Amino acid sequence: RIMCMKKGSKLNEVFDRLRAGLDAVESIDGIDFATSDKYGYVTSCPSNLGTGMRASVHIKLPNLTSDGTDRKAKEVASPLGLSVRGTGGEHTPIGADGTVDISPRARLFIKEKEIIQNLYDGISLLLEEEKKAGGAKAASADGPYAAFLASLDEVRATQPQNLCAKYLTTDLFNSFNDEQKAILEQCARTGVENPSSALGCYAMTPSDYDVLNAFFDPVIRDYHGASADSVHITDWDASDVGENGVLDMSKLGLDELSMRVRVGRNLTSFNLPGAMDQAERIEFEKTMLTAFDKLISMEEYGGQVYSLTPDFGNGEENPNKITEEEYQELVDAHIMFKNMDDDPYLKSAGIASDWPYGRGCYVSADKQFIIWFGEEDQLRIMCMKKGSKLNEVFDRLRAGLDAVESIDGIDFATSDKYGYVTSCPSNLGTGMRASVHIKLPNLTSDGTDRKAKEVASPL
């Protein structure tokens with residue numbers, strides 16, 4: 001490895017001296033450098049064939065490396081045909097002052113003089129981008145969202161599946177007014193704090209999907225694989241499915257199954273859970289108690305309310321409060337949801353805040369019609385039972401939803417584009433998840449669900 005190195009400002013000086021040195025070495029008797037008619041100078045590694053040359057400089061790029069990594073510098077340098085390394089070579093860290101090692105990648109099928117010229121031109125363009133980055137940094141350094149936007153940039157570069165980071169660029173964020181920015185930062189916070197998210201965002205109010213539509217619309221259509229002009233249509237008429245609306249799974253050779261259908265719903269008059277404070281959570285629960293009393297008075301529902309809220313504030317006791325033991329029994333019976341404070345995604349979004357205030361459920365007398373309140377959505381309304389006719393849980397859920405929405409003060413939030421409004425864009429539209437528990441011993445014979453997933457996914 002023959003090299004020339006020095007400190008200076010004229011790049012050609014090391015190039016010229018290296019050329020002179022090579023001529024001197026090769027002029028010595030017994031020195032005959034191996035070459036190939038096709039590939040130029042022969043080297044052990046094919047990556048170095050041709051010129052065998054690597055020309056590099058150490059250069060400070062404090063703005064492009066302000067996050068402590070060479071990620072941004074590489075993004076700029078790569079299209080220029082330049083490699084970026086740490087100051088100690090490949091796989092070493094950058095300098096504390098932002099110093100990095102820059103060199104052209106090309107070795108083969110290029111002339112020696114072109115390598116040094118490419119290095120010079122590349123450095124020139126790289127410094128222009130460094131200057132721009134400095135200007136952008138200066139412009140946003142005092143902004144309240146600078147750290148948030150920098151984190152978004154990092155997530156976008158490292159987690160391409162994160163749709164929030166993919167679409168929420170700095171330019172788009174800055175297109176909103178100050179009030180909207182504050183809400184949008186709340187919506188996107190979970191995607192920044194949990195970068196491996198697929199979606200990475202939650203709405204904070206029912207109107208967010210309209211007011212912040214420039215952000216939410218591309219996220220929604222990407223996630224759901226929808227065209228730009230797709231509009232959700234609500235249609236509960238199942239009379240033409242199965243046999244006149246009957247979906248009898250016993251005809252598939254199945255015995256009694258555990259069946260469940262649920263929907264997410266939110267009232268127009270309240271914030272979505274991510275933006276609620278403790279007082280609003282309690283107010284929402286007390287609002288729903290009127291609806292639950294109405295259901296309890298109906299013969300086909302009956303039942304009772306189980307609440308986790310310690311008290312209603314100002315010395316007002318909660319008549320439906322249950323003990324920790326009773327709560328755990330309901331969780332074990334799959335009637336109540338688990339402690340939301342343990343979920344990092346919901347925690348980052350503010351949805352798990354103030355636990356356990358404003359949380360609980362209504363359960364019908366036969367325990368087949370259940371309404372959660374205060375979970376990811378204000379309401380999760382579900383029907384569950386064991387049986388073989390899948391339409392039975394669907395039909396009862398529809399009747400239950402009609403009964404709930406007929407109660408004064410209950411107005412479910414909807415969107416003209418997206419159907420029923422939910423906190424998470426993944427649940428928009430129907431807000432529905434229909435499921436059964438089914439035995440597949442052959443497809444799970446290896447102890448995993450891998451084969452079952454392979455079969456189910458295309459369906």
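The questions and answers below concern a predicted model.

Biologist: Which residues of α4 are buried?

Modeller: Helix α4 covers residues 146-158 and reaches 19 Å from its first C-alpha to its last, close to the 18 Å expected at 1.5 Å a residue. Seen down the axis of this helix, the buried residues fall within an arc of 120°, so they line one face of α4. That set consists of F148, L149, L152 and V155.

Biologist: How many residues does the largest nonpolar core have?

Modeller: In soluble globular proteins, nonpolar side chains tend to be buried together. Here F148, L168, F215, F216 and M336 have the most contacts inside the largest nonpolar core. Apart from it lies another core of 36 residues, among them V261, F284, Y362 and L397. The largest core itself has 53 residues.

Biologist: Which strands stand at the edges of the open sheet?

Modeller: The sheet is formed by 6 strands in the order β7-β8-β9-β10-β6-β13, with antiparallel pairing. Two of these strands have a single partner strand each, so one side of each is left without a neighbour in the sheet, and these are β7 (304-307) and β13 (432-437).

Biologist: Which residue of β10 stands opposite I371?

Modeller: Strand β9 (residues 369-373) is joined to β10 (residues 379-387) by 5 bridges, and the two run antiparallel. On the side of β8, which is joined to β9 by 4 bridges, the residue opposite I371 is Y362. In β10, the residue opposite I371 is I381.

Biologist: Is β9 largely enclosed or left exposed by the rest of the structure?

Modeller: From this strand F369, I371 and F373 point one way, whereas I370 and W372 point the other way, and all are buried. Because 5 of the 5 residues of β9 are buried, the strand is largely enclosed.

Biologist: Which residue in the turn between β9 and β10 has a positive phi?

Modeller: The hairpin of β8 and β9 has 5 residues between its strands, with K367 in the turn at a positive phi of about 60°. In the hairpin of β9 and β10, which also has 5 residues between its strands, the residue with a positive phi, of about 85°, is G374.

Key
Residues are numbered from 1 along each chain as its sequence is written. This is a predicted model: local features need pLDDT of at least 70, side-chain atom pairs count only at pLDDT 80 or more; totals for chains, interfaces and linings use all residues. Side-chain values use heavy atoms; hydrogens and water are left out. The expected span of a helix is 1.5 Å times one less than its number of residues. Buried means under 20% relative accessible area, exposed over 50%, partly exposed in between (1.4 Å probe, protein chains only). The arc is that of the directions from the helix axis to the C-beta atoms. A nonpolar core is a set of buried Ala, Val, Leu, Ile, Met, Phe, Trp, Tyr and Cys residues joined through side-chain atoms within 4.5 Å. Two strands pair if DSSP finds at least two bridges between them.
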